[in-house]
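These are my notebook entries on one structure. I begin with the strands and then turn to the helices.

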Amino acid sequence: MGRVYNFSAGPAVLPEEVLREAAAEMLDYKGTGMSVMEMSHRSKAYEGIITDAEKDLRELMQIPDNYKVLFLQGGASLQFAMIPMNLMKNRKAAYIITGQWAKKAYQEAALYGEAVAVASSADKTFSYIPDCSDLPIPEDADYVYICENNTIYGTKFWNLPDTKGKTLVADVSSCFLSEPVDVTKYGVIYGGVQKNIGPAGVVICIIREDLITEDVLPGTPTMMRYKIHADNGSMYNTPPAYGIYICGKVFRWLKKQGGLEAIKEHNEKKAKILYDFLDGSGLFKGTVAKKDRSLMNVPFVTGNEELDAKFVKEAKAAGFENLKGHRTVGGMRASIYNAMPIEGVEKLVAFMKEFETHNS
């Protein structure tokens, strides 16, 4: 069997070119006589890998010098605690709840101080982004938190909230490197890499230097202090070395595609094929308010659970993997990250057309 079209929300599809390169270097990385999996993270060879990865990421995102790039572990879920531990000086923060992950981050923050839900789209199953132009942000809030692209629900903040001068913290796990970004608008921008950048096990955290201080909440573990990781160049302990190596290859692949401007164009073109079909279909329909649609995650339904299940089963048999929607919402979801080729989406739409003909 050849490679399938993998529409998984994460871990997700990686560029084939990157996988082939990694395969070619598996037993002997550049004449070292060993795999990157086996080498010391303190070695000269590995130092080159992590240094180049950071340099390429800084170039791709045009990260200003007063921001640190940290390669961490523990998934976005550990950041839900690490952020309040490091940033909640007044023990108060504002959260915009647009899905399951923002909600989990909010619940975690409530363990450390007062988490204030200043907006939510829970009333319509998170199918839209609330108006964030004039939010009741507390005067003494330490930061405003968003999940910028909601993997499960397929929504995206196309306009960042007015934080009224407060630091913006954003989880960008599922839209990381999918488009150009103005890093200066954020205090912290972070994400797990397993959706759009690399294998599970790495979190990249881009954080403004003035937010990295010794002044953390009492009881914050050493491993959960940004300053420790920043001072040690992400090498305080053994980093997720192989994962970072793959991320570095993906950064180079992105540069070869023409950078983030070019990849955004590619992603818009891809998403348009699927959304145009959904908007014209008599059987399938998208579940998200049009103005808030994500380019990365596209949820859709037939309106009939049995038909949804039939579609997922037949799609799998035809080589389209992981189209089942998240267990909390049902239906279907196609995640079409950077590495999903355009023909994957075209073939999916052709399959959906055929399914519609036979099932309506």
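Which residue in β4 stands opposite Tyr95? I looked it up: Ala117 is the one facing Tyr95.

Before going on, I note that this is a predicted model, in which local features need pLDDT of at least 70 and side-chain atom pairs count only at pLDDT 80 or more, while totals for chains, interfaces and linings use all residues. Residues are numbered from 1 along each chain as its sequence is written, and side-chain values use heavy atoms, with hydrogens and water left out.

Entry on the sheet. I take helices (H or I, at least four residues) and strands (E, at least two) as DSSP runs, numbered from the N terminus. I found seven strands in an open sheet, ordered β2-β10-β9-β8-β5-β3-β4, with mixed pairing. The edges are β2 (67-72) and β4 (114-120), each of which pairs on one side only. From one strand to the next the twist averages 20°. Two strands pair if DSSP finds at least two bridges between them; β3 (residues 92-97) and β4 run parallel and are joined by six bridges.

Entry on α2. I see helix α2 (residues 44-61) lying across β2, β9 (188-192) and β10 (203-208), at about 130° to β2. Axes are lines fitted to C-alpha atoms, for helices over the stretch in contact, and angles run from 0 to 180 degrees between N-to-C directions.

Entry on α3 and α4. Helix α3 (residues 75-87) packs on helix α4 (residues 100-109) at about 40°, the axes being 9 Å apart. That angle makes α3 oblique to α4; angles under 35 degrees count as roughly parallel, over 145 as roughly antiparallel, 65 to 115 as roughly perpendicular and the rest as oblique. In the contact (heavy atoms within 4.5 Å), α3 supplies Ser77, Phe80, Ala81 and Pro84, and α4 supplies Trp101, Lys104, Ala105, Glu108 and Ala109.

Entry on α9. I checked the length of α9 (residues 342-359): at 1.5 Å a residue its 18 residues should span 26 Å, and the end C-alpha atoms are 26 Å apart, which agrees. The expected span is 1.5 Å times one less than the number of residues. Its buried residues (under 20% relative accessible area, 1.4 Å probe, protein chains only) include Ile342, Val345, Leu348 and Phe355. The buried residues of α9 pack against elements including β1 (5-6), α7 (259-280) and α8 (305-317).

What is the angle between α8 and α9? They pack at about 135°, with axes 11 Å apart, and that makes α8 oblique to α9. Leu307, Lys310, Phe311, Glu314 and Ala315 of α8 meet Leu348, Phe351, Met352, Phe355 and Asn359 of α9.

Definitions and conventions: Buried < 20%, exposed > 50% of the residue type's maximum accessible area, 1.4 Å probe, protein only.
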